[in-house]
Amino acid sequence: MKIDGTAFGSITIGVKTYEHDVVIRLSDDVVKRKKKLSKRVYGTSHTVSEDEAKFVYEKGCKELVFGTGQDGQAALSPEAAAFFKDKGCKVVAEPTPDAIETFNACKKPKVGLFHVTC
């Protein structure tokens, strides 16, 4: 799975452009991010909750590449970070344009979580 690029509010994966946040599964399936799992806890989708981390994580995942938005405004909550650590899943969190490069270069079994605005 190769991510081709991003602009404010969108991400292009293969030949398809998504105008919402996405999760890329181990199988390379692209699904819509379940922001409500975090919004109901923090009132915002800029902080990833433990419940959302559980939705994102898949058994066998060695790395989560987290695109924190065009300007890097999103972050994992302490509980979400602890969840990934407990699963032995390294987290690389960086602004979405940089995270795309990281995701494309990563050879480990990985999952991607990409915030496409701020």
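Mentor: One term to begin with: a residue is buried under 20% relative accessible area, exposed over 50% and partly exposed in between, using a 1.4 Å probe and protein chains only.

Mentor: This is a predicted model, in which local features need pLDDT of at least 70 and side-chain atom pairs count only at pLDDT 80 or more, while totals for chains, interfaces and linings use all residues. Residues are numbered from 1 along each chain as its sequence is written, and side-chain values use heavy atoms, with hydrogens and water left out.

Trainee: How many salt bridges does the structure hold?
Mentor: There are 7. The term refers to a side-chain nitrogen of Lys or Arg within 4 Å of a carboxyl oxygen of Asp or Glu.

Trainee: What does arginine 33 meet in a salt bridge at 2.8 Å?
Mentor: Its partner is the side chain of aspartate 21, the distance being from N to O. Arginine 33 is in the loop between β5 (30-32) and α1 (36-42), and aspartate 21 is in the loop between β3 (16-18) and β4 (22-24), so the pair ties together parts 12 residues apart in sequence. Helices (H or I, at least four residues) and strands (E, at least two) are DSSP runs numbered from the N terminus.

Trainee: Is arginine 33 buried or exposed?
Mentor: Arginine 33 is buried, at a relative accessible area of 6%. Aspartate 21 is buried as well, at 3%.

Trainee: And which side chain meets arginine 33 at 2.5 Å, N to O?
Mentor: That is glutamate 52, again in a salt bridge. This pair links distant parts of the chain, 19 residues apart, since glutamate 52 belongs to helix α2 (residues 50-56) and arginine 33 to the loop between β5 and α1. Glutamate 52 is buried, with a relative accessible area of 0%.

Trainee: What about aspartate 51, which residue is its salt-bridge partner?
Mentor: Arginine 40, with the closest N and O atoms 3.2 Å apart. Aspartate 51 sits in helix α2 and arginine 40 in helix α1, so the pair ties together parts 11 residues apart in sequence. Aspartate 51 is partly exposed at 34% relative accessibility, whereas arginine 40 is exposed at 59%.

Trainee: Which residues do shared partners join into one network?
Mentor: Asp21, Arg33 and Glu52 are joined in this way by their salt bridges.

Trainee: Changing topic, where does serine 49 lie?
Mentor: Serine 49 is in the loop between β6 (47-48) and α2, and it is buried at 2% relative accessibility.

Trainee: What does serine 49 touch?
Mentor: Leaving aside residues up to four places away in sequence, serine 49 touches Leu37, Ser38, Val41, Tyr42, Ser77 and Ala80. Contact here means heavy atoms within 4.5 Å.
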